[in-house]
Amino acid sequence: MEIVLSPDPVLKQECEDVSPSELREMKKLAKQMAKTMYDSSGCGLAAPQVGITKKIIVIDCNQDGKKKPTCLINPEIIETAGEPVTECEGCLSIPGISLPITRPEDITVRYMNLKGEEITHHATGFEARCIQHECDHLHGVTMFEHLSLMDRIKAFQEYEAALAAGAKPGDVSVEDADE
Ligand SMILES: [Zn+2]
């Protein structure tokens with residue numbers, strides 16, 4: 001699957017809920033999305049990033065190199081806790097740059113898995129950040145929308161320069177693009 005790059009309008013759309021009758025189809029989609037994510041060395045991917053406006057994300061926050069993707073359907077962050085933390089994030093749809101984004105440290109997310117079961121999951125740290133980033137995509141929100149207007153203009157200029165330098169999904173700095 002091809003990764004859609006910002007500022008494609010599909011990344012600005014609110015995604016549709018997945019109904020249980022679509023689970024078979026979603027299983028196939030999740031597999032393709034996971035492959036696309038791993039091919040670009042990403043740790044999360046949301047359906048609109050491959051041009052599909054459905055509420056489905058895949059994540060893999062395991063740092064041990066083993067591929068263990070988790071698929072979250074209709075995810076909803078029902079609770080946040082902890083101090084807001086600022087960390088640099090990258091996005092497969094915004095290659096070549098990373099941006100400091102402030103988010104709650106802990107979250108509780110409710111979602112449907114590929115078997116159609118409702119799951120409530122508590123996540124913290126990197127995983128919580130990753131889930132929040134991907135859930136944002138389902139509501140048409142990218143990293144840029146988290147920044148102040150001035151920072152957003154600066155970030156967008158940096159992004160355009162990175163694209164011009166040949167940045168590809170998975171690159172988080174222009175140095176990556178040079179390789
Ligand atoms: Zn992203």
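Student: What share of the contacts with a separation of 6 or more comes from residues 24 or more positions apart?
Tutor: In the protein chain, 64% of them. Two residues are in contact if their C-beta atoms, placed from the backbone, lie within 7 Å.
Student: And where does the model come from?
Tutor: This is a predicted model; local features need pLDDT of at least 70, side-chain atom pairs count only at pLDDT 80 or more, and totals for chains, interfaces and linings use all residues. Residues are numbered from 1 along each chain as its sequence is written.
Student: Which pattern does the protein chain follow along the sequence?
Tutor: α-β-β-β-β-β-α-α-α. That is four helices and five strands. Both are DSSP runs, numbered from the N terminus: helices are H or I with at least four residues, strands are E with at least two.
Student: New topic: how many of the 14 residues of α2 are buried?
Tutor: 10 of the 14, so α2 is largely enclosed by the rest of the structure. Buried means that 20 or more other C-beta atoms, placed from the backbone, lie within 10 Å of the residue's own. Among the buried ones are Ile131, His133, Cys135 and His137.
Student: What do the buried residues of α2 pack against?
Tutor: Strands β1 (44-46), β2 (56-59), β3 (70-89), β4 (99-112) and β5 (118-124).
Student: What comes just after α2?
Tutor: Gly140, with a positive phi of about 70 degrees.
Student: Back to the protein chain: what percentage of its 179 residues is buried?
Tutor: Buried residues make up 33%.

How values were computed: A residue is buried if 20 or more other C-beta atoms lie within 10 Å of its own, exposed if 12 or fewer, and partly exposed in between; C-beta atoms are placed from the backbone.
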